[in-house]
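Please look over the sequence and the model below before reading on. The paragraphs after them go through the structure part by part.

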Amino acid sequence: MSELRRLGDPSSPITDDGLTAAYPWPDSGRWVRAMMVTTLDGAAAGADGLSGSVSSDADMRVFGSVRRFADAVLVGAQTMRAERYTPMRTQPARAEARAANGQSAAPVIVVVSRSLDLPWDLPVWSESTHRPVVVTGTDADPDRLREAREHADVVALPEVSPAAILDAVVDRGLRRIVCEGGPRLLAELTAAGLVDELDITIAPLMAGTSETPVTPVLEEAARFEPVHVLEGDGFLMTRYVRAVR
């Protein structure tokens with residue numbers, strides 16, 4: 001298992017419990033935590049188009065710890081297609097702790113897709129502990145809408161806006177939300193002022209950005225305040241929270 005330490009404090013490796021404590025969830029209210037990995041030159045994926053190729057064991061430890069007590073994992077359709085998500089299943093070692101928090105046995109995956117062009121062959125739809133959720137628009141193609149309802153609970157919104165997406169998730173009792181991308185969905189949520197926390201891993205790599213989606217410039221840059229920097233495998237795991245104005 002890769003060791004994680006606070007940057008500048010090499011004497012004390014962080015345990016799994018310590019890692020959970022380093023990424024706390026509020027006791028009440030909605031909290032949107034976005035997780036991304038970036039290379040030194042700003043790539044979110046390697047030559048294979050996957051984030052895993054620019055990640056590390058240390059990064060995945062943080063990733064797993066954050067998911068541990070999440071209610072929902074929110075992803076855009078492009079990320080679902082590219083990353084080929086695996087089922088969200090109950091982890092026996094975590095089930096008791098989640099139950100003590102009043103949480104369901106595993107996070108629910110929530111996919112945002114206006115086109116409903118999704119990889120329905122993936123086991124994530126049929127083998128997840130809880131039925132996945134797909135958020136789309138009321139103007140979605142009727143045939144694709146019927147197909148989506150065969151695989152997931154579908155929430156059709158008159159306007160698929162960032163606020164409406166999060167309201168739909170929270171209305172299902174899922175208030176601890178991890179947004180895992182892609183960059184476009186994250187940019188939309190950030191522009192709307194709805195991201196509470198950014199957990200950004202900086203990979204010590206130069207990879208080129210042709211596999212990374214280009215996102216529009218925000219009208220007003222969103223500011224976040226640093227909380228900590230962890231180091232492992234040469235990767236820097238940073239945590240930021242939204243600046244209070």
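Ten strands make up an open sheet of mixed pairing, in the order β1-β9-β10-β8-β2-β7-β3-β4-β5-β6. At its edges stand β1 (5-6) and β6 (153-157), each with a single partner strand, so one side of each has no neighbour in the sheet. Helices (H or I, at least four residues) and strands (E, at least two) are DSSP runs, numbered from the N terminus. Two strands count as paired if DSSP finds at least two bridges between them.

This is a predicted model, in which local features need pLDDT of at least 70 and side-chain atom pairs count only at pLDDT 80 or more, while totals for chains, interfaces and linings use all residues. Residues are numbered from 1 along each chain as its sequence is written, and side-chain values use heavy atoms, with hydrogens and water left out.

Strand β4 (residues 108-112) can be followed through its neighbours. Strand β3 (residues 72-76) pairs with β4 in the parallel sense over five bridges, and leucine 74 stands opposite valine 110 in β4. Strand β5 (residues 133-137) also pairs with β4 in the parallel sense, over three bridges; here valine 112 stands opposite valine 135 in β5. Five of the five residues of β4 are buried, so the strand is largely enclosed by the rest of the structure. Buried means under 20% relative accessible area, exposed over 50%, and partly exposed in between (1.4 Å probe, protein chains only). In a regular strand the side chains alternate between the two faces of the sheet. In β4, Val108, Val110 and Val112 point one way and Ile109 and Val111 the other way, and all are buried.

An antiparallel pair is found elsewhere in the sheet: six bridges join β8 to strand β10 (residues 235-242). Glutamate 197 stands opposite valine 241 in β10.

Helix α7 (residues 162-170) lies across β2, β3, β4, β5, β6 and β7 (176-179), and runs at about 140° to β6. Such angles run from 0 to 180 degrees between N-to-C directions, the axes being lines fitted to C-alpha atoms, for helices over the stretch in contact; contact means heavy atoms within 4.5 Å.

Some loop residues have backbone features to look at. A cis peptide bond, with omega about 5°, joins glycine 181 and glycine 182, and glycine 182 is in the loop between β7 and α8. Leucine 116, in the loop between β4 and α5 (124-127), has a phi near 60°, a positive value in a residue other than glycine. Arginine 84, in the loop between α3 (77-83) and α4 (92-100), also has a positive phi, near 55°. Which of the two is buried? Leucine 116 counts as buried, at 2% relative accessibility, whereas arginine 84 counts as partly exposed, at 40%.

Glutamate 147 lies in helix α6 (residues 142-151) and is partly exposed, with a relative accessible area of 32%. Glutamate 147 and tryptophan 120 are 27 residues apart in sequence and 8.8 Å apart in space, C-alpha to C-alpha.
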